[in-house]
Amino acid sequence: MRTPYSPATIRNILCVFPRYTPSFGTFHHSYSLLGGVRAFMPPQGLLLIAAYLPESWPVRFVDENRSPATTEDFRWADAVMVSGMHVQQRHIQDITRRAHACGKPVAIGGPSASGCPEMYPDADFVHVGEIGDATDRLIEILDGLAGRPEGLQQVFTTQDRLPLNQFPMPAYELISIPDYFLASVQFSSGCPFTCEFCDIPALYGRNPRLKNPEQVVAELDRLRIGGAQSVYFVDDNFIANPKAAADLLPHLVTWQKRHRYPLRIACEATLNIAKNEKTLELMRDAGFVTIFCGIETPEPEALHAMSKSQNLRLPILDAVETINKYGMEVVSGIIIGLDTDTPDSADRIIEFIRASQIPILTINVLYALPKTPLWDRLERAGRIRNEEGRESNVDFLLPYDTVLGMWRKCIEAAYEPRAIYGRYAYQQRHTFRNRPWYPMDPRRLAPHNVRRGIGIFARLFWRLGVRSSYRADFWRMAARTLGRGRFEEFVQSAVVSHHLIEFARQCLAGMPEPSFYAPSRTLAPVPAAEA
Ligand code: SF4
């Protein structure tokens, strides 16, 4: 549904989504191999707000990961709306500055402003919390506003959240879906667990709220028609409500069958999903191919210390193997710099990577997000450090240089070309072969898709097979996967490995920042506007 507020005026609204800091999880080195991809995932939250605005209000949507908002965009707007995470803080502030330079009011919302409104003293309006009564009040204020407001910043806090089953479909019509590495969809909000470092329970609650299956299926329809081939469920934990997930999955299976499996699906879920093989079976039948699990550390005492014992309901390696058995690859988050770490922890993580054969790992240095139990504990202990130039705000128990050295050692071992291609070889033998042969969606054989596919293969063969320093490993992987007719898996393994290898090399050369949850120290360059 749209806002129930009936506006008296017409307001031009410019929605701007800020740049991400480059990270292992943004896959930006892969884009040029895929041809036409410009950004990672469509921003669900801001697209949702765009869809909720009064129908009579014109909306422009700019994702600065794709191309920058121009001065003309800012001049056109009566108000600018921005949303983002802490990691995007500097970019949010930069958008605010550019909007103000054009005399336009700025409203900031989303997870960063909701968790820490005080980070945005320059914004004219701050929207705290999820979409709901605060959104209606903000719309009402914008309706009566000409130019920037006078006086103090106004903060609107949602008391009454809009139930997810009343969410409008995000305004996908405002973006070009093929510009994105992955399309995105949301099913639930909130997580029942209380991992010490995580701000999700505080921001979105512990009692998951849900869309109904019909909403999800309608969104998949829209994404399919828009050209999506892969979709990521952005829920923080797909099985936050295990029964609801189990109820949704048969709808996804039916939808995929009806359309001849146009989508490959990925999600985030806690590792205890491996205990529910019925759900894994349905996920396989629904076209799920990847699950991101926040494994964080292979050390049980560390998991207990961070209140993440849900990872220990099965031995971790057994859980990974069970998920692989259903054709799904595990992607893992790993944290370095925990209080329980010792100088040997890096070696144990590297051994875990070898044993689990997980190809993709986001290996981050611990960062304390505000309003988390971790932040509270460290602040009480005087262990929050905000000095410029530090890679994390945590005063680690191990020496700072030891922690950064452990991080470098782990990413070097994980993303050495032979190591990652070796892990993909394992996936070929133990995971991919457990996937059904999904029927060929005829849309994939449309001339523009065939041309795009030929372009992707040509770029992979030329750039990775001829020009890269790891071409021998590439050709071994190509022979193995293409020889088995696994074309999709070949492309996925090649483009993902390329990003991880290149990004790890940049990290080791000292370029990006090792704590990808921290607000970036610098402004990442905004891509040039399209001609
Ligand atoms: S399971 Fe995931 S989303 Fe839930 S509290 Fe832990 S880290 Fe956060």
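**Entry 1: what α18 packs against**

I started with helix α18 and looked up its partners: its buried residues pack against α16 (417-430), α17 (447-464) and α19 (487-508). I note here that I am working on a predicted model.

Which residues of α18 are buried? I found D473, F474, M477 and T481. They cover an arc of only 100 degrees around the axis, so they sit on the same side of α18. I then checked the face turned away from that buried side, and there I found A479 and G483, which are exposed.

I also tested the length of α18. The helix has 13 residues (471-483), and at 1.5 Å a residue it should span 18 Å; I got 17 Å between its end C-alpha atoms, which agrees. Just past the helix I stopped at G485, which takes a positive phi of about 75 degrees.

**Entry 2: α2**

Next I went to helix α2, residues 44-52. How many of its nine residues are buried? I got seven, so I wrote the helix down as mostly covered. The buried ones are L46, L47, L48, I49, A50, A51 and Y52.

**Entry 3: two domains**

I turned to the domain assignment of the chain, which gives domain 1 as 13-157 and domain 2 as 182-414. Taken over C-alpha atoms, their centres are 26 Å apart. I wanted to know how they touch: eleven residues of domain 1 are in contact with twelve residues of domain 2. On the domain 1 side, helix α5 (residues 111-115) gives the most, with three residues. I sorted that side of domain 1 by class and got six nonpolar residues, five polar and no charged.

**Entry 4: around the ligand**

Which residues are around the ligand? I listed C191, F193, T194, C195, C198, I200, P201, D236, N237, T270 and G294. By class, this shell has six nonpolar, four polar and one charged residues.

**Entry 5: I295**

I picked I295 next, which is found in strand β12 (residues 288-296). Is I295 buried or exposed? I counted 25 other C-beta atoms within 10 Å, and 20 or more make a residue buried, so I295 is buried.

Then I looked up its contacts, leaving aside neighbours within four places in sequence: L271, N311, I316, S332, G333 and I334.

I went looking for residues other than glycine with a positive phi, and noted two. F27 has phi near 55 degrees. I found F27 in the loop between β1 and α1 (31-34). With 22 C-beta neighbours inside 10 Å, F27 counts as buried.

The other one I noted is R260, with phi near 60 degrees. Where is R260? It is in the loop between α9 (242-258) and β11 (264-268). I counted 13 other C-beta atoms within 10 Å of R260; exposed would need 12 or fewer and buried 20 or more, so R260 is partly exposed.

Definitions and conventions. Residues are numbered from 1 along each chain as its sequence is written. This is a predicted model: local features need pLDDT of at least 70, side-chain atom pairs count only at pLDDT 80 or more; totals for chains, interfaces and linings use all residues. Helices (H or I, at least four residues) and strands (E, at least two) are DSSP runs, numbered from the N terminus. The expected span of a helix is 1.5 Å times one less than its number of residues. The arc is that of the directions from the helix axis to the C-beta atoms. Two residues are in contact if their C-beta atoms, placed from the backbone, lie within 7 Å. A residue is near a molecule or strand if its C-beta atom, placed from the backbone, lies within 6 Å of it. Ala, Val, Leu, Ile, Met, Phe, Trp, Tyr, Cys and Pro count as nonpolar, Asp, Glu, Lys and Arg as charged, and the others, Gly among them, as polar. Domain bounds come from an automatic or database domain assignment.
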